[in-house]
Amino acid sequence: MSSISSHTSPQTIHSVRPAPASPASASALEEILTPVYEAADDSSSLVVSRQSVILRGETFEIPRLLLLGQRGGGKPIRLGFFAGFEAGNLDGVRALAQLLLQLKSSPHLSRDFALIGYPVVNVRGFSSEAAPLAEFESRFARDSAEADVQFFKTELNKWRFDGLLSLRTDPSARGFYATVRSEIIAAEVVEPALAAAATALPLATQSVKVRPSDRYARTADYAHGRLAPPADVRPYPFEIELHAPRGPITEDRLDGLFVALTEILRLYRGFIARGEAL
């Protein structure tokens, strides 16, 4: 079926014109990410790399932040974190950077996980031209040879992520909410994780939306430039998108995101363990 699951009612998302990026976006990005780069200098658990790409004559860097949690046994669960989608919006970038720094200081919270963070997906969205996300998605959909598209396609194929978690912004939302593809992940992981963070994180009335999970839906998303691997990848990673409402990510909201994220990790780890025990 291609309709939204009745597990929760869908939240209406209105199309909004992205705000232009500030000319200081590049320097603001560097300021936000510098503490992460510095933390990696003397760390064995946090590894930073920066891929230089040239797009239409302008040079950009795509950061990749690899955080290894405590080893519990077996192969680590590979989870990709993505932010920096909406043009000029630094909130998701800041949230991802801060969350990884907090997890680095509490490695037991990410036990059994290898977390690979990409704080800036739409790199041209933080240039003086402030290219909208739709421009990146259009190039991703047609498999553009441009370096940023090929970088992310290579990463999605190389790491074979077990799950993808994206931090997004929805200016029309009145509270935080999540979209997922799986009824089971929604019920056993995402809903209780958001409930645990509800005191610090204002939630939308419908806090979880379940999207179609069949191959046709995944193929359609990929064809429209959604950041995801091809639909024929096996096993296909679970997908969670956390959407923030308009407004800055305050300290309280950042604390709430940290609680939600660590609960997602804990609950998913338990979910996997139960499945392996069956």
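## Exposure terms and model basis

Buried means under 20% relative accessible area, exposed means over 50%, and partly exposed lies in between (1.4 Å probe, protein chains only). Thr250 has 37% relative accessibility, so Thr250 counts as partly exposed.

This is a predicted model: local features need pLDDT of at least 70, side-chain atom pairs count only at pLDDT 80 or more, and totals for chains, interfaces and linings use all residues. Residues are numbered from 1 along each chain as its sequence is written, and side-chain values use heavy atoms, with hydrogens and water left out.

Thr250 sits in the loop between E8 and H7. Helices (H or I, at least four residues) and strands (E, at least two) are DSSP runs, numbered from the N terminus.

## Arg64

Strand E2 (residues 58-68) contains Arg64. The Arg64 side chain makes a polar contact with the Glu155 side chain at 2.9 Å. A polar contact is a pair of N or O atoms within 3.5 Å; within protein, one must be able to donate a hydrogen and the other to accept it, and residues adjacent in sequence count only if both atoms are side-chain atoms.

Contact means heavy atoms within 4.5 Å. Leaving aside neighbours within four places in sequence, Arg64 has contacts that include Val47, Ile116, Tyr118, Glu155 and Trp159.

## Aromatic pairs

The structure has eleven aromatic pairs. Rings of Phe, Tyr and Trp (its six-membered ring) pair if their centres lie within 6.5 Å; planes under 30 degrees apart count as stacked, over 60 as edge-to-face and the rest as tilted. For Tyr118 and Phe151, the centres are 6.2 Å apart and the planes at 70°, so this pair is edge-to-face. It links distant parts of the chain, 33 residues apart: Tyr118 in strand E4 (residues 113-118) and Phe151 in helix H4 (residues 147-159). Tyr118 is buried at 0% relative accessible area; Phe151 is buried at 10%.

Phe238 and Tyr268 form a tilted pair, 4.4 Å centre to centre with 45° between the planes. Phe238 belongs to strand E8 (residues 238-244) and Tyr268 to helix H7 (residues 251-277), distant parts of the chain 30 residues apart. Phe238 is buried at 13%, and Tyr268 is buried at 9%.

## Cluster and charges over rings

One aromatic cluster includes Phe82, Tyr118, Phe140 and Phe151. Lys153 lies over the face of Phe140, 4.6 Å from the ring centre. The charged end of Arg218 sits over the Tyr236 ring, 4.3 Å from its centre. A charge sits over a ring if NZ of Lys or CZ of Arg is within 6 Å of the ring centre and within 35 degrees of the ring normal.
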